[in-house]
Amino acid sequence: MNYENYGPCFPDQPVVDLYLPIWAKLPAFKSKPAFIWAEDGPIQRSFLTYEQLNSSVQCISSELLLSLRRNDTVLVLCSPGLELVEIIFGCQRAGLLAIPISPPHLSFCNENYHHFLRVVSQTKPKVAIASSDYIRHVNKYVASSSNKKLSEALQMLRWISTDDLKGKKMKMQLENVTCDGNSYNGCRTDDVYLIQYTSGATAIPKPVLVTAGSAAHNVRVARKAYDFGPNTVVVSWLPQYHDCGLMFLLLTIVSGATCVLTSPNAFVNRPRIWLELISAFKATCTPVPSFALPLVLKRGHVETTETGTVNSISMLSLKNLIIVNEPIYNSCVEEFVEVFKPLGLNPLAISPSYGLAENGTFVSTSWRCNNGDNFWTFPTYNKLLPSARLDEDVDIEILVVNEETNELVEDGVEGEIWISSPSNAIGYLGHPSLTQEVFNARLKNKAGKCYVQTGDRGVVKGEQRFLYVTGRCSDVIKLPNGQEIHPHYLETTAYNSCPHLLRGGCLAAFEMSESEYRTIVVVAEVQSKGERESVFLKQICEGIRKGVMKEEGVEIGQVVLVKVGSVPKTTSGKIQRWLTKYRFVKSQMNIIMQMKFDNSGNVQSTVEKMMQISGKKETKKGKNVIRVEEEEGMSFAPPPSASKTLLSSL
């Protein structure tokens, strides 16, 4: 056993749930909050101590096993909150396989239920857990719906309400909950305890099979990397269903820390809540996607109360500002540090990090607590910060490999990132050939170790062997001169050409085949404030093309301006370029203006829609449309599914 942080009286455990009864029995921890839930509003708070959480988990586990058997599959359809945390750990203690997903909106319209149908079809859950109110609305929908496929899927599920799981609570004797791994009746190290869906950034989300042992290893490695301990206080608004948001639930428990949670929608609606929670709870750590930083700078860091006073923000307590969702632009982080340094943000806290579902979540971070790395001293590569560092003293091995030959590339040469680690998941549910390809990759002419092919591109640079995650293999755009470029460079430059009229983080660039030649398309969402004249829309399109040509030397063949909410994103806010391209090809996008350019940069054709957002009928016309009108302050609402999705309004 390892005794990393807490001495021989607290050995590391083989599965995360086994940490809970240990903390619950220790006098210094039993009354300590493990999780705190903060609502926006005035901020309202509820919490679970380690003793309460352990007792609740034992009750939920016992209730579940009255009607289920070990290794049964459970679909968890709970909204973000403490109840979701309890149920996730309750399933692990019962030895069940949990599938937490965001519950589809009860309207079940505008295709917001397709992921739900996919999950039910692929995983075939024995039961679905949801609130009694949600189940009641489901029954009403089934009784009146004409959607036969969806109604049958909802009816086939056996529903358990969270009220039933927690309503029959008995007084549990905590001494009966053993911390001896040999007699533990919950998930064992080799048991699949979680199906974690990939983000969907490059393809339809795939179900990743995560064992309890690999998850425990992953968060123990993360605990060591971030120097977590019982004094750590985490603030997180990330989705609790998968990836980073879920990992921080587990990381809290293995560290004996306290985690303050709020919902993704709370952050999207009012980004300042994130800063207020950091200040109020003196957070030492907070994870945040890099693309959320500009949103906070734009409308999150200054707010005046009704009395005219400004609420103060302090970031003095932060030791780790963990930045995820690569690639991570240096300029974005630099601007954030400049603004918040006067409010106490220490540049030493900046912790760029790398992770993915196929490795549990965490892979590595470029931050180090023991050598005083400062954000200002981080090297950059092609405008990017390093996301990781290749260490020889950890058991997560990172390689950069030539995608064509499966051979190692030299430092400084870009290739696909491969990972070998005890944290690796065991495969994709129902995809044996893809599992073999992705999870059992081997270097050419080298026997032995298997690696996970991440699908991410990266390059290793410098004596300290920093890893820069440069983009996705499947997104790479091949230029006529034989060179390659990642689309995020084109999207960033396109946005910078007209930042006051375009929406940051809502652009997608991709390749299109047109007869005998290929062209690059940029799709961009347009701000919907005030009146947009046709001449302005034309200037935006031409400005995007000229800006990208000047900055990147790349010819753009088409610029497509679309309504707010048209560019699809994952639940963690990543642009889905593949889906954007699909919808564009299928004419499923809400296009405002579309402009084609020839090889000389001259306008080849222009197609524009005329819209009036005031109850008047929308009409389509051809090349000679005069103007596009919008009411002042009106924004195009995304579909109900998108409105419930994290960062759909970024």
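Student: Is Trp 274 buried or exposed in this structure?
Tutor: Trp 274 is buried, with a relative accessible area of 1%. Buried means under 20% relative accessible area, exposed over 50% and partly exposed in between, for a 1.4 Å probe and protein chains only. This is a predicted model, in which local features need pLDDT of at least 70 and side-chain atom pairs count only at pLDDT 80 or more, while totals for chains, interfaces and linings use all residues. Residues are numbered from 1 along each chain as its sequence is written, and side-chain values use heavy atoms, leaving out hydrogens and water.

Student: How many aromatic pairs are there?
Tutor: The count is 18 aromatic pairs. Rings of Phe, Tyr and Trp (its six-membered ring) pair if their centres lie within 6.5 Å; planes under 30 degrees apart count as stacked, over 60 as edge-to-face and the rest as tilted.

Student: Why is the pair of Trp 274 and Phe 336 called tilted?
Tutor: The ring centres of Trp 274 and Phe 336 are 6.1 Å apart and the planes are at 35 degrees, so the pair is tilted. Trp 274 lies in helix H11 (residues 272-281) and Phe 336 in helix H13 (residues 330-340), so this pair ties together parts 62 residues apart in sequence. Helices (H or I, at least four residues) are DSSP runs, numbered from the N terminus.

Student: And what about Phe 336 and Phe 340?
Tutor: Phe 336 and Phe 340 also form a tilted aromatic pair, 4.4 Å centre to centre with 35 degrees between the planes. Both lie in helix H13, four residues apart, about one turn of the helix.

Student: Which residues make up the cluster?
Tutor: Ring pairs link Trp 237, Phe 267, Trp 274, Phe 336 and Phe 340.

Note on methods. Helices (H or I, at least four residues) and strands (E, at least two) are DSSP runs, numbered from the N terminus.
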